Amino acid sequence: MKMSPKKAAAFLLCVLLFMSLIPSFVAAADTKFSVSGSSVTASSNDGNVPANTVDGDMGTRWSASGDGQWIKFDLGSSVTVAFVKIAFLNGSTRTSSFDIQTSADNATFTTQLSNVTSSLVDGLQTFDFPDVASVRYVRIIGHGNSASAWNSYLEVEVYGNGGSTPVEDSVTVSTSAQLQTAIDQAIPGRIIYLQNGTYSQSGPFTVNGIHGQDGQEIVIKALNRGQAIISGGAYFSLYQSSYVTISGMKFTTTTSASNNAVKMDESSHIRVTRNEFNLNETGATNNWVKIRGVNSDNNRIDRNKFVSKADPGPIIAVDGDGSTYMSRYTIIDRNYFYDSTPRITNGKESIRLGLSGVSLLNGNATVENNLFENSDGDPEIISVKSSGNTVRYNTIRNSQGQVTARHGNNNQYYGNFFLGDGSKAGVGGFRIYGTDHRIYNNYFEGLTTDAINLDGGDWDGGTNSTNYSSGDLSKHWRVYRAQVTNNTIVNSDFGIIIGRSYTSAPVDSRVANNIVNNSAGTLYEEVKTSNTVFEGNIGFGSTVTNRSRTSSEIRNITPSFTTIGGLQKLTSGSAAVNAAVGSYSYVTEDMDGQARSTNDVGADEYFSSSTSIVRVPLSASDVGPDSP
C-alpha cells in the first residue's frame with residue numbers, strides 16, 4: 001500500500017515523538033571479585049585467620065583486638081572498586097567502627113570511608129563510595145566495636161568491575177515523560193540521570209513493582225546535584241519496589257493532603273540521599289518523606305537537607321501500617337533539619353518513628369549523626385512511638401522542643417549533643433515514657449527546660465506492658481526500669497527531673513554517674529516520690545536536690561571542668577575521674593567516642609595523654625547533600 005506524503009509525514013512525527021521517550025544505554029554492572037584465602041592478610045589475628053573472611057562461611061571469622069588492626073585483600077590486578085560488603089560478629093547487638101582504604105601499589109593507601117559505624121543488623125552490610133579506578137588492594141582498618149576493642153569480621157566481599165575505567169548502564173532524561181518511561185524500563189544496576197531542569201506534572205512519578213538488587217541498585221539521580229528540580233504536583237511514589245536510590249534532586253513540590261515529596265509504600269531497601277527539600281507549602285497537613293505499609297523495611301534517608309517546614313505534619317514519618325506492622329530497620333543519618341517554624345502543639349515533628357497503634361512493635365530504627373537547628377515546629381523534635389530503636393550521635397542546636405520517648409519500650413538514646421543559647425524558651429533534652437529505656441553519654445548545655453525528664457504517666461501498662469486495651473496506646477505510659485547514666489548537664493535552667501507531670505511516678509529506675517552543674521534551679525528534682533535508685537551522681541552550683549539524698553547518691557562537689565572545643569570537659573583533678581559506680585556494662589565509650597576504662601562520672605572520660613576524638617558536635621558541613 002502506498003502512503004500519501006501527508007500520512008507519511010504524520011507517521012514520521014509519531015515515530016520521532018516515540019523515540020524521544022526511549023533512553024539510550026551504556027552497558028555493565030558491578031560484580032563481586034573472587035579473592036582467594038591466600039590473598040588476604042592482616043596485621044594480626046587470634047587464631048581466627050584472615051582467610052576466613054572469603055570462605056563463604058558465616059560461622060568463621062577473622063578477629064584481632066585493638067584500634068588500628070587491619071585486614072587487606074589483594075584483588076590480583078588493577079580494577080575499579082565500587083563498594084564493599086562486610087558481615088560482623090554479633091552484628092545485631094553491637095556496632096563496629098572502621099575505615100576502608102584502597103591502593104594501587106600496596107604502599108600508598110587512600111581512605112575512601114573514614115570512621116564508618118555499622119548498623120545493628122546481622123549478615124552482610126553494604127558500604128558504598130564513589131567508584132575508584134586502578135585499585136589492586138583494599139584494606140579495612142578496625143577501630144573496635146561498641147562493646148570492646150575487638151575487630152571481628154565474618155565475611156568481606158569487594159565489588160566493582162575489571163576495567164580501569166568505571167563503566168555503567170545509564171540513561172539520561174530531560175523531560176517528565178522521559179523520566180517516567182526510564183523508570184518503567186529500569187533494570188538492576190541502571191542509573192537514570194536527570195539533566196538540569198524542572199520536572200513538573202500534576203501527580204507522582206510512580207515506581208511500582210520496580211526492583212534492583214543488592215549491589216545493583218536502580219539509581220534515579222540528578223546529573224548535577226541540586227539542578228534537577230521536582231516541582232508542581234510531582235513527587236516520587238514507590239510501591240512494592242526495592243533497591244532503588246533517589247539522589248541529588250531539589251524538591252519544591254506544591255503540597256496537598258494527598259501527596260508527599262517521597263512516599264515509600266510496602267517498599268524495602270530504598271535510599272533517599274543527597275537531596276534538598278524545600279516544598280511549596282499550601283497550608284495542608286503533609287509529610288515530606290513517608291515510609292508506610294507492610295514489609296517497608298531496610299530503608300535509608302541520608303545526607304538530605306530539610307528546609308523551613310511551616311505546615312503541619314512530620315518532616316519524616318516512619319509508620320508501618322499503623323496497627324499490626326511497624327516499618328523496621330530504617331536508617332536516618334547525616335541529614336540537616338533547620339528552621340521549622342512556627343510552632344504548633346502537636347503533629348509537626350522533624351522525625352516521627354511509629355504511631356501509637358504500633359508502639360509495642362519493634363522498629364529497630366537508627367537515627368544518627370543528624371543536625372537539627374532551630375527545629376521549633378513541635379514540642380517533640382524526634383518523637384519515638386515504637387520499640388527497639390536507637391537515637392545516637394545527633395546534634396540538636398537551639399531547638400524549641402525535646403526528643404521524646406512518647407510510646408514504646410526498649411529504646412536507647414546516647415551520645416547526643418543538646419546545645420542552646422541559654423535564652424531561647426523551651427529548648428530541652430529528653431522526655432521519657434515507657435519501659436526499659438537507656439539514656440546515657442549525652443551532653444546538654446544552655447537549655448531552658450528539662451534536660452532529662454523521667455515523666456509521670458497517666459496510664460500504667462504494668463511491668464511488662466501487658467495491661468492495656470487499644471484505646472490506652474495513645475496515653476502517657478508509666479516509666480519502668482529506665483536507666484539514666486553518665487550524662488553531663490551544664491549551664492542550663494533545669495537538670496534531671498523525676499515525674500514532672502501526670503500521676504504515676506517512675507518505677508525501678510536508676511539515675512547513676514551523671515553530672516549536673518547549673519547555677520540555678522534544683523539540679524536533681526524529684527517532683528514525685530518514687531523508688532528510683534540514685535548512685536554516683538555529682539551536683540554542683542545550685543540546690544542539689546529537693547529530697548534527702550546521701551553523698552553516695554549525689555555528691556555536692558565541683559566537677560572541675562575546663563573548656564575544650566566549646567564543651568565542658570573534665571580535668572585531671574576532677575572528682576569525677578575514675579569515680580563511676582554500679583554495673584552499667586553498656587557504657588563502654590564516652591561522648592567523644594573514646595573507649596572508657598575505669599569509668600568517670602558524666603559523659604566525658606578524662607585522658608591524660610592525647611587520644612583521638614571520634615565525635616564532636618556536628619556543623620552544617622558535616623551533614624546534608626554536600627557532606628562526606
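How many cavities of 30 Å³ or more does the structure hold? One. I will come back to that cavity.

Ground rules, briefly. This is a predicted model, where local features need pLDDT of at least 70, side-chain atom pairs count only at pLDDT 80 or more, and totals for chains, interfaces and linings use all residues. Residues are numbered from 1 along each chain as its sequence is written, and side-chain values use heavy atoms, with hydrogens and water left out.

Overall picture. The protein has two helices and 51 strands. Helices (H or I, at least four residues) and strands (E, at least two) are DSSP runs, numbered from the N terminus. The C-alpha atoms fill a box of roughly 105 × 60 × 45 Å along the principal axes. For 628 residues, a compact globule would have a radius of gyration near 25 Å, and the protein, at 26 Å, agrees. That radius is taken over C-alpha atoms, and the globule rule is 2.2 Å times the number of residues to the power 0.38.

Burial. Of the 628 residues, 55% are buried. Buried means under 20% relative accessible area, exposed means over 50%, and partly exposed is in between, with a 1.4 Å probe and protein chains only. Now contacts, meaning heavy atoms within 4.5 Å. Among contacts with a separation of 6 or more, 71% are between residues 24 or more positions apart.

The largest cavity contains about 50 Å³ of space. The search runs on a 1 Å grid over the protein atoms alone, and a cavity is a set of points where a 1.4 Å probe fits but cannot get out. Grid points are joined across faces, edges and corners, and the volume is the space filled by probe spheres set on the points. Which residues line the largest cavity? S359, L360, R406, H407, G408, N409, G434, L473 and W477. Lining residues have an atom within 4 Å of a point. The lining divides into three nonpolar, five polar and one charged. Here Ala, Val, Leu, Ile, Met, Phe, Trp, Tyr, Cys and Pro count as nonpolar, Asp, Glu, Lys and Arg as charged, and the others, Gly among them, as polar.

Next, strand β13, residues 218-222. Four of its five residues are buried, so β13 is largely enclosed by the rest of the structure. Strands pair if DSSP finds at least two bridges between them. β13 runs parallel to β10, residues 190-194, with four bridges joining them. In that pairing, I191 stands opposite V219 of β13. β13 also pairs in the parallel sense with β16, residues 242-247, over four bridges. There, I220 has I246 of β16 as its bridge partner.

Helix α2 belongs in this picture. Seven of its nine residues are buried. These are S176, Q178, L179, Q180, T181, A182 and I183. The buried residues of α2 pack against β9, β10, β11, β12, β13 and β15.

P188 is partly exposed, at a relative accessible area of 27%. Which residues does P188 touch, leaving aside neighbours within four places in sequence? H211, G212, Q213, Q216 and I218. A595, by contrast, is 407 residues from P188 in sequence and 42 Å from it in space, C-alpha to C-alpha.

V138 lies in strand β7, residues 124-145. V138 is buried, with a relative accessible area of 1%. Beyond four places in sequence, V138 contacts I71, K72, F73, L75, V81, V84, I100, Q101, T102 and V158. Take I100: 38 residues away from V138 in sequence, and 7.2 Å away in space, C-alpha to C-alpha.

Last, backbone checks. Most residues other than glycine have a negative phi, and most peptide bonds are trans. Where is the cis peptide bond? Between T341 and P342, with omega about 0 degrees. P342 sits in the loop between β26 (336-340) and β27 (351-354).

Two asparagines have positive phi. N364 is at about 55 degrees, in the loop between β27 and β28. N364 is partly exposed, at 25% relative accessible area. N578 is at about 60 degrees, in the segment after β51 (567-570). N578 is also partly exposed, at 48%.

That is the tour. Thanks.

How values were computed. On a 1 Å grid over the protein atoms alone, a cavity is a set of points where a 1.4 Å probe fits but cannot get out, and a pocket is an open set with protein on both sides within 12 Å along at least five of seven lines; lining residues have an atom within 4 Å of a point.
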